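Subject: Structure for you, with notes

Hello,

Here is the structure I promised to pass on, and below it you will find my notes. Please have it open while you read.

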Amino acid sequence: MGIRIHIPIALVLFSTFSFGQLKGRIVDASNDYPLEYATAALYDQENGRLVTGVITDIEGRFSIEELKKGTYSLEASFIGYTSQTVRDIRLTRRNETVDLGTLALSIGENQLEEVVVEAERAAVIHTIDRQVFDAKQFQNSQGGSATDVIRNIPSISVDGLGEISVRGSTGFVLLLNGKPIQGSPSTLLNQLPANAIERVELITVPSAKYDPEGKAGILNILTRKGAVDGSFAQINLRGGFPSIERYGNAEPHQRYGIDGTYTFRRGDWNISLGANYQRNDLGGRRVGDVFTIIGDTLTRFPSDGERSFDELNYSGRFTVDFTPDSTNTFSLGFYAGKRSKDRTADILYFDNHAIVPLDGEERVYTLQYFNENLRIRRGDFVLGSIDYTHTFKNRAMLSTSLLYEYTLLGGPTTNRNLGFPDTNIVLQDEFNTNDNPLNGIRFQADYAWKPLSIGQLETGYQYRFLDHTGDFVYERRNNTTGVFELVPEFSSEVDLRRSLHSGYVQLSGAKGKWEYSAGTRMEAMERDFELRDKTNTIDTTYVYDYVKLFPSVSLQYTSENNTRLKAAYSKRVERTTTFKMNPFPEREHSETLEQGDPTLRPEFIDLFELGLTKRFRDGNSVFATAYYREVENVVNRVNTVFNDTILNRIYSNVGRATSLGIEVGVELKPVKKWKNFIGANLYRYRIDGTFDNREVGTEAFVYSINANSTYDFSDTASAQFTLNYLSDRNTAQGEDSRFYSPNLTLRKTFFNDRLTATLQWQNIDMGLLNTNEQRITTFREGEFFTTTNYIYEVDMVILNLSYTFNKNKDTSRFIDSEFGKREF
């Protein structure tokens, strides 16, 4: 009797909880190449609850076992690709296995933060043409800017002056959501909130489908996006505590900001609004020593004083996406704002003196004076874009984009030499200003052909036009009349017009364990640079044209033990900006003029790369990439003596530069709660050439280290320590000293992760180190020597608060500057 009772009960229980299996494969839609580490997240279709999730293996395969009977949906996703959802997956029989077959993901936008999978996301993922970094791994950047995110990447370094370099070169192209900008990368990266960034892609050897500009490659910033109906709202607040170290600066430094995003998506429409207001001051001082030699006279002028920055950015963005069906997408975007950066350099020249003869000790004179210098750099901008994408029935795709930008750049510089200690005595009073309206247009069309048996064929065309005019006025006060008078040798009018036509063809594919990509781009450039002075005695047009091919090729092999080998080559170009071509000097501060060269030629670059990547089953990984970069017509800023107390900085093609180096990185997780990401870049940099009929030749070994260590105290609390170190490095006429910055971040979430608070201790020093400090030295034997130590603010404490009003994914998608930021 007992047996008769228990058997039916056992059958019922077994029937209810019998397990099924779900499996499939995730590949790249363009070439059927397996996507390792893609995410397969399984949901209960009835209530939308996440059941489980897994990561694909080296062949792109996944398997989910021990599933109860029911109806499920599965989302396949991978960083850099559009996610795909399979619905109505029914398990109805005991021990049933459902094979979903191959799920092909297309390159596009993807939001992964809502998918919680037990396997942890890697800090970096390597594909055939790029490294993809997960921004969420870098907690120290939250509440800051995009610059705070990218400084964690092994290839990237940020020096004491805020210059961003990729493998030692400032010449890289910045993309925002795949769209190139023409502005200054540093300007955009300092303006873009870190909270808005989903991931960063570093393309060191770009393919032919990309514009060939950028001698160090491409940095692509991808903001958060998704595809869920409903609304999303997030607000981020940032506030800095009072400065611990004031450096004797005249004004207190302010750091605060607010940024917000609101997205509404319903059916075919996706509307996004965004606004940003940031005040980010930086205190500091500079200590310098300079001497010049003219004839038999040595003039020396040591100095000490304030060098600080007041930076303000505010802007608004608006985009509308319309997707009437699965084959067509229309996008319209506008972006407008204002930005300003005021640099104060109030310097005391406390022992200005001249000695005759050079090796003597007798002073001809001794003078003290105070230099009051303020440079204000401003930019107002408005831009708009229209994009259209169509997918054909045979899986071919046409994408078009039109962008127009208007930017008004400019700002005054005041330079006053005053007596000391009586600063009421005016020795010299100068004022220079400029207005630089810029108009830029870009049109691009790309066509991905029907997939072929050998891979994906892509072709495209791009047109870019830039019209940048400038009106530079330099005036000096007549101490007798009190009237400011024009200084003709420093005043000018310029007009740069540059047009580009380019087309490309590229084939990408995979076969077995091999993945390949090859293509070429042909570009025709016409550049006219018109130059006039204010007295109408000079009116000259400088013309430079070229038609060149820019080939690229990449090859990758994946072995059985999950090791990848890659080799790649790309031809690149670095085009010149208006500022570097204007030969009329601009007064930077008391001891410095800056001027360009109207005959400046573009830099042409050959990039070679050989890499290895190994990921282990325990989540640890290591990668190493050897590279060689050769630059013809390398542009450097070199110094000459203008007069006994002023140096002239000139941008010039000085010859040829080479970099031979290796980049290494490791992800290491010794225990479950402690993870580390450490990267280093080591290279030998050499310059060979001439300037002013004299040889230029320097060589040095340079290295940088970016280390990131995170400890999770709980699911809602963590601490992260970062260290960014940049070694001494050579320039055309001297050396820049080492520079380092340690930082600590404490992070805590509240209210089911809706509220995130981060407390940052930036540039840790405590009076024990030389953090955030860098010495710049240049010299030319028999002519001049200059060394300046830039000391910037340390021990900065900042609190960031981020609140999300709902749990839907952020679908914001914004355009950004194509032309103006680079000149800014």
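A salt bridge here is a side-chain nitrogen of Lys or Arg within 4 Å of a carboxyl oxygen of Asp or Glu. Please bear in mind that this is a predicted model: local features need pLDDT of at least 70, side-chain atom pairs count only at pLDDT 80 or more, and totals for chains, interfaces and linings use all residues. Residues are numbered from 1 along each chain as its sequence is written, and side-chain values use heavy atoms, with hydrogens and water left out.

Salt bridges

By that criterion the structure holds 36 salt bridges.

Strands, like helices, are DSSP runs numbered from the N terminus (E, at least two residues, for strands; H or I, at least four, for helices). Both Asp211 and Arg575 are buried, where buried means under 20% relative accessible area, exposed over 50%, and partly exposed in between (1.4 Å probe, protein chains only).

Arg285 and Asp304 also meet through their side chains in a salt bridge, at 2.8 Å from N to O. Because Arg285 belongs to strand β19 (residues 284-294) and Asp304 to strand β21 (residues 303-325), the pair ties together parts that are 19 residues apart in sequence. Arg285 is partly exposed, with a relative accessible area of 25%, and Asp304 is partly exposed too, at 27%. Elsewhere, salt bridges that share partners connect Asp471, Glu493, Asp495, Arg497, Glu530, Arg532 and Lys534 into one network.

The four-stranded sheet

An open sheet of four strands runs in the order β3-β2-β5-β6, with antiparallel pairing; two strands count as paired if DSSP finds at least two bridges between them. The edge strands are β3 and β6 (84-91), each of which pairs on one side only. From one strand to the next, the twist averages 20°, with axes taken as lines fitted to C-alpha atoms (for helices, over the stretch in contact) and angles running from 0 to 180 degrees between N-to-C directions.

Strand β2 (residues 39-44) has six of its six residues buried, so it is largely enclosed by the rest of the structure. Thr39, Ala41 and Tyr43 point one way from β2, while Ala40, Leu42 and Asp44 point the other way.

β2 pairs with strand β3 (residues 50-55) in the antiparallel sense over five bridges, and Ala40 stands opposite Val54 in β3. These two strands, β2 and β3, form a hairpin with five residues between them, and Gly48 in the turn has a positive phi of about 75°. With strand β5 (residues 70-77), β2 pairs in the antiparallel sense over six bridges; there, Ala41 stands opposite Glu75. Six bridges also join β5 to β6, which run antiparallel, and Ala76 faces Gln84 in β6.

The three-stranded sheet

Another open sheet has three strands in the order β4-β1-β7, with mixed pairing. Its edge strands are β4 (61-67) and β7 (97-105), each pairing on one side only, and the twist averages 15° from one strand to the next. Strand β1 (residues 20-28) and β7 pair in the parallel sense over seven bridges, with Lys23 standing opposite Asp99 in β7.

Asn436

Finally, Asn436 lies in strand β26 (residues 426-448) and counts as buried at 5% relative accessibility. A polar contact of 2.4 Å joins the side chains of Asn436 and Asn434; the term covers a pair of N or O atoms within 3.5 Å, where within protein one must be able to donate a hydrogen and the other to accept it, and residues adjacent in sequence count only if both atoms are side-chain atoms. Leaving aside neighbours within four places in sequence, Asn436 is in contact (heavy atoms within 4.5 Å) with residues including Arg377, Thr407, His468, Asp471 and Phe472.

Best wishes
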